[in-house]
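This briefing summarises selected features of the structure shown below.

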Amino acid sequence: MLFVFAPARRRADPDTREAAFHQRADRVGSVGYRLTVATATLALLTEYGAGRAVWRVVGNGRGEGRRMLAALPKAR
């Protein structure tokens, strides 16, 4: 599942909202779903495209670095 954070009036910056999403997910920890979740900002997608290293994997502290879409972990 891919989430894209875009600018919105009266909302925090997309980068801030994406970081908060990752912090909340790290606190929840693994819930055992067989699903890969990743995030990106609209600015990164617009500048580089979805196939470049713009995606951050959610959960278990894995979201530090950005990865290419093809390099995201496979759901198990």
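The side chains of histidine 22 and threonine 39 are joined by a polar contact of 2.6 Å. The model is predicted. Its sheet is open and consists of three strands in the order 1-2-3, with mixed pairing.

**Histidine 22**

- Histidine 22 belongs to helix 1, which covers residues 14-28.
- Histidine 22 counts as buried because its relative accessibility is 4%, and the cut-off for buried is under 20% relative accessible area.
- The partner of histidine 22 in the 2.6 Å polar contact is the side chain of threonine 39.

- In the order 1-2-3 of the open sheet, the edges are taken by strand 1 and strand 3 (56-57).
- Strand 1 and strand 3 each have a single partner strand, so one side of each is without a neighbour in the sheet.
- Four bridges connect strand 1 with strand 2 (residues 38-41), and the two strands pair in the parallel sense.
- Opposite valine 4 stands alanine 40 in strand 2.

- Phenylalanine 3 is located in strand 1, which spans residues 2-5.
- Phe3 contributes to a nonpolar patch on the surface together with Met1 and Leu35.
- The accessible area of Met1, Phe3 and Leu35 together is about 280 Å².

Definitions and conventions
Residues are numbered from 1 along each chain as its sequence is written. This is a predicted model: local features need pLDDT of at least 70, side-chain atom pairs count only at pLDDT 80 or more; totals for chains, interfaces and linings use all residues. Side-chain values use heavy atoms; hydrogens and water are left out. Patches are made of residues with over 30% relative accessible area and no salt bridge: like charges are joined within 9 Å, nonpolar side chains (Val, Leu, Ile, Met, Phe, Trp, Tyr) within 5 Å. Accessible areas come from the Shrake-Rupley method with a 1.4 Å probe; for residues, only the protein chains shown count as cover. A salt bridge is a side-chain nitrogen of Lys or Arg within 4 Å of a carboxyl oxygen of Asp or Glu. Buried means under 20% relative accessible area, exposed over 50%, partly exposed in between (1.4 Å probe, protein chains only). A polar contact is a pair of N or O atoms within 3.5 Å; within protein, one must be able to donate a hydrogen and the other to accept it, and residues adjacent in sequence count only if both atoms are side-chain atoms. Two strands pair if DSSP finds at least two bridges between them.
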